[in-house]
Amino acid sequence: MKIKFIIDGKEIEVPGESGRTLLDMALIAQINPPYSCLEGSCGTCEAVIEEGKTSEDKPDTRVVRTCQALPWSEYVVVNYDKGPTK
């Protein structure tokens, strides 16, 4: 499993880990993602999933709270630059 993060115009690809949220993996990779509460209530960590599937996918939007989203496909592209707070 691989996760590509897009943040501040940079693309960073990291190995994914089953059972870890997208935000956890971004923090482990030290890419400085936006976040605050870690509980899914503030929305600071929202990002657009450009490719792949996550546990938080909804039919009407590709925006997920990365602190809650687990990767469900072998390749996931997470774009923080296109998140709703940008």
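The sulfur of Cys42 lies 3.6 Å from the closest cysteine sulfur, which belongs to Cys37, and this is too far for a bond, a disulfide being defined as a pair of cysteine sulfur atoms within 2.5 Å. The structure is a predicted model, in which local features need pLDDT of at least 70 and side-chain atom pairs count only at pLDDT 80 or more, while totals for chains, interfaces and linings use all residues. Residues are numbered from 1 along each chain as its sequence is written, and side-chain values use heavy atoms, with hydrogens and water left out.

**Cysteines**

- A search of the whole structure returns zero disulfides, and Cys37 is accordingly in no disulfide, with the sulfur of Cys42 as its nearest cysteine sulfur at 3.6 Å.
- Cys37 counts as partly exposed at 24% relative accessibility, where buried means under 20% relative accessible area, exposed means over 50%, and partly exposed lies in between (1.4 Å probe, protein chains only).
- Cys42 is likewise partly exposed, its relative accessible area being 37%.

**Salt bridges**

- Five salt bridges are found when the whole structure is searched, each being a side-chain nitrogen of Lys or Arg within 4 Å of a carboxyl oxygen of Asp or Glu.
- One of them joins Glu50 to Lys82, with the closest N and O atoms 3.1 Å apart, and this pair links distant parts of the chain, since Glu50 sits in strand β3 (residues 46–51) and Lys82 in the segment after β5 (75–79), 32 residues apart.
- Strands here are DSSP runs of E with at least two residues, and helices are runs of H or I with at least four, both numbered from the N terminus.
- Within that pair, Glu50 is partly exposed at 36% relative accessible area, whereas Lys82 is exposed at 54%.
- Lys4 and Glu11 form another salt bridge, their closest N and O atoms being 3.2 Å apart, and Glu11 counts as exposed at 54% relative accessibility.
- Arg62 pairs with Asp57 in a salt bridge whose closest N and O atoms are 3.8 Å apart; Arg62 is partly exposed at 34% relative accessibility, and Asp57 is partly exposed at 28%.

**Nonpolar surface**

- Leu27, Tyr35 and Leu38 make a nonpolar surface patch of about 260 Å², the area coming from the Shrake-Rupley method with a 1.4 Å probe, and for residues only the protein chains shown count as cover.
- Patches are made of residues with over 30% relative accessible area and no salt bridge, with like charges joined within 9 Å and nonpolar side chains (Val, Leu, Ile, Met, Phe, Trp, Tyr) within 5 Å.
- Leu27 belongs to helix α1 (residues 22–28) and counts as partly exposed at 30% relative accessibility.
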